[in-house]
Amino acid sequence: MDLSQSTPALGRSHLLVRAGEQVCALPVAAVRRVVRALSVHPLPGARPELAGLAEFAGEALAVLDLSRLLGAPLGPHPAFPVTVVVWAGPLERREAVGLAADEALEVVLIDDAAVVPGAGFLRGDAMVGARLVRVLDLERLGEDA
Amino acid sequence: MSAASYLLFRRGGGLWGVASDEVVRVAPHAAGLAVEAGATAFAADEVVGVVAGLAVRPLPLFVRRFWSEPGAGLALHAGEPLMIVDPRQPPPPFLSPPEASGGTPDV
């Protein structure tokens with residue numbers, strides 16, 4: 001099965017990512033790369049959601065702390081060994097941004113009808129198997145949830 | 001904002017740049033350095049050097065969203081991201097505090 005395409009009857013492809021004690025779903029079409037944690041340089045005075053700046057593909061990249069974006073507990077050993085680079089922001093002004101996370105898990109299909117609506121960049125919650133997953137709307141990332 | 005060259009300095013774990021032609025002097029200050037540019041003195045832990053030909057681009061959406069200070073642009077130097085600061089709009093976390101007068105206050 002080609003999970004890179006949207007399959008209306010089954011749902012849309014999402015990459016599941018663990019951030020602290022929560023699992024969130026990112027639309028696969030918006031995922032640019034999953035890499036080992038980028039070296040992040042902090043910006044003094046930044047809000048906690050902005051971990052700092054990193055170099056990626058020859059550009060300076062903002063790296064966001066996915067756990068803090070979600071308001072998720074950080075878990076016992078917050079090390080963020082993975083950076084998921086995604087396209088985010090309004091479609092006409094979208095930019096690459098890094099999401100510091102604990103683990104990229106798997107690609108799954110999530111049916112729109114199964115998502116209980118949320119607010120802001122949190123499109124809603126859905127059950128994937130026995131797991132509650134927070135489904136993100138990356139076009140609205142940066143807005144308050 | 002684009003200049004022919006920039007003076008780069010470290011502060012707070014990050015790399016920062018200010019247009020060289022704005023820099024008046026670099027002087028010891030407290031435990032570090034003060035980079036004086038225009039009417040502003042930036043606190044610096046270390047001066048890295050002066051580099052020319054930086055490709056400076058506007059601040060990304062997500063930096064502006066979560067960092068409310070007035071950065072003038074972003075660039076890369078030797079694979080490390082750096083923030084360009086404008087001495088006319090200095091980010092407060094980087095201002096060098098004035099030297100203590102050392103005198104006894106009037107009572």
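What percentage of the 107 residues of chain B count as buried? The share is 36%. This is a predicted model, and the report takes chain B, then chain A.

**Chain B: the build**

Chain B holds one helix and eight strands. Read from the N terminus, its elements follow the pattern β-β-β-β-β-β-α-β-β.

Five strands of chain B form an open sheet. Their order is E6-E1-E2-E8-E7, and the pairing is mixed. Strand E6 (46-52) and E7 of chain B are the edge strands, each pairing on one side only. On average, neighbouring strands of this sheet are turned by 30 degrees against each other, direction ignored. Strands of a sheet pair through backbone hydrogen bonds, in either a parallel or an antiparallel sense.

At one end of that order, strand E1 (residues 5-11) of chain B meets E6(B). This pair is antiparallel, with six bridges. Within it, B:Tyr6 has B:Val51 of E6(B) as its bridge partner.

**Where chain B touches chain A**

On chain B, 21 residues are in contact with 21 residues of chain A. Four elements of chain B each give two or more residues to this side: strand E2 (14-19), helix H1 (61-66), strand E7 (71-77) and strand E8 (80-85). H1(B) supplies the largest share, five residues. By residue type, the side of chain B that touches chain A divides into 14 nonpolar, four polar and three charged.

**Chain A: around strand E6**

Strand E6 (residues 82-88) of chain A is mostly covered. Six of its seven residues are buried. Which strands pair with E6(A), and over how many bridges? The table lists two partners, E3(A) and E7(A).

| Strand paired with E6(A) | Residues | Sense | Bridges | Residues that stand opposite |
|---|---|---|---|---|
| E3(A) | 31-36 | antiparallel | five bridges | A:Arg36 and A:Val82 |
| E7(A) | 95-101 | antiparallel | seven bridges | A:Thr83 and A:Ala100 |

E6(A) and E7(A) also form a hairpin, with six residues between the strands. In this hairpin, A:Gly89 takes a positive phi near 100 degrees.

**In brief**

In chain A, E6 has six buried residues and pairs antiparallel with E3(A) and with E7(A).

Terms used:
Residues are numbered from 1 along each chain as its sequence is written. Chains are lettered from A and ligands numbered from 1 in the order in which they are written. This is a predicted model: local features need pLDDT of at least 70, side-chain atom pairs count only at pLDDT 80 or more; totals for chains, interfaces and linings use all residues. Two residues are in contact if their C-beta atoms, placed from the backbone, lie within 7 Å. Ala, Val, Leu, Ile, Met, Phe, Trp, Tyr, Cys and Pro count as nonpolar, Asp, Glu, Lys and Arg as charged, and the others, Gly among them, as polar. A residue is buried if 20 or more other C-beta atoms lie within 10 Å of its own, exposed if 12 or fewer, and partly exposed in between; C-beta atoms are placed from the backbone. Two strands pair if DSSP finds at least two bridges between them. Axes are lines fitted to C-alpha atoms, for helices over the stretch in contact, and angles run from 0 to 180 degrees between N-to-C directions.
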